[in-house]
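Have the structure open beside you and try each task before reading on.

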Amino acid sequence: MTRPSPDTPIETPWEGRFITVRQQGTWEYVARSRGIHAAVILPIDDAPDGRHVILVEQYRVPLKINCLELPAGLVGDETSGEAAEIAATRELEEETGYAAAHWRTVGEFYSSPGMVSESFTLLVATGLTRIGPGGGVSGEDIIVHRVPLDGIADFVAAKRKEGCGIDVRVAMLLAGGLLETAQ
């Protein structure tokens, strides 16, 4: 598809509570309603039994299967003007039952830029302490996984074999192994 000229009007054929379908020229895409974006957390547990990553698994309606993901949530979902760090703190505790002593913002990224205008802020959480069971809010039924970083490739392969979808952001945990095999 060719790039529409900047003065081509943007039409909204459909708008729901959380997403909007937009069209500019012949280009169709989806946007988050109210301009909200997401916070995605990479929680690293440096514990005496080794380095682990905390992942979550939950049913995703568009896929009709469970999906293995990094914990995440909408920024501004509960409070207008909310900072990504505040949303990340809330979502990490709700979804995983962990609190982080240290946060580092990596930057803003785009989920699927050819189809969705959504962006997310990636944050690394360390200094983890288990403060609750996790599992999300009512009805989310989130499964929490604490996975050794040196066993992440085998864990992801096993989940895939079970029929679990794998969120693309989990691929960054496999990058070292992928880069090694590309040489």
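**Exercise 1.** Is Glu118 buried or exposed?

*Solution.* Start with the cut-offs: buried means under 20% relative accessible area, exposed over 50%, and partly exposed in between (1.4 Å probe, protein chains only). Glu118 has a relative accessibility of 13%, so this residue counts as buried.

A word on the ground rules before we continue. This is a predicted model, in which local features need pLDDT of at least 70 and side-chain atom pairs count only at pLDDT 80 or more, while totals for chains, interfaces and linings use all residues. Residues are numbered from 1 along each chain as its sequence is written, and side-chain values use heavy atoms, with hydrogens and water left out.

**Exercise 2.** Find the residue with which Glu118 forms a salt bridge, and say where the two partners lie.

*Solution.* First, the criterion: a side-chain nitrogen of Lys or Arg within 4 Å of a carboxyl oxygen of Asp or Glu. The partner is Arg32, and the closest N and O atoms are 2.9 Å apart. Helices (H or I, at least four residues) and strands (E, at least two) are DSSP runs, numbered from the N terminus. Finally, check Arg32: its relative accessible area is 26%, so Arg32 is partly exposed.

**Exercise 3.** Which parts of the chain does the salt bridge between Lys159 and Glu57 tie together?

*Solution.* Begin with the contact: the closest N and O atoms of Lys159 and Glu57 are 2.8 Å apart. Because Lys159 lies in helix α2 (residues 152-162) and Glu57 in strand β5 (residues 50-60), the pair joins parts 102 residues apart in sequence. Then look at accessibility: Lys159 is buried at 7%, and Glu57 is buried at 6%.

**Exercise 4.** Describe the sheet to which β3 belongs.

*Solution.* Take the order first: three strands form an open, antiparallel sheet, β1-β2-β3. Its edge strands, β1 (10-15) and β3 (27-32), each pair on one side only. Two strands pair if DSSP finds at least two bridges between them; β2 (residues 19-24) and β3 have six.

**Exercise 5.** How many salt bridges does a search of the whole structure find?

*Solution.* The search gives 10. Among the other salt bridges, Asp46 and Arg51 have their closest N and O atoms 2.6 Å apart, and Asp45, Asp49 and Arg146 are linked in a network.
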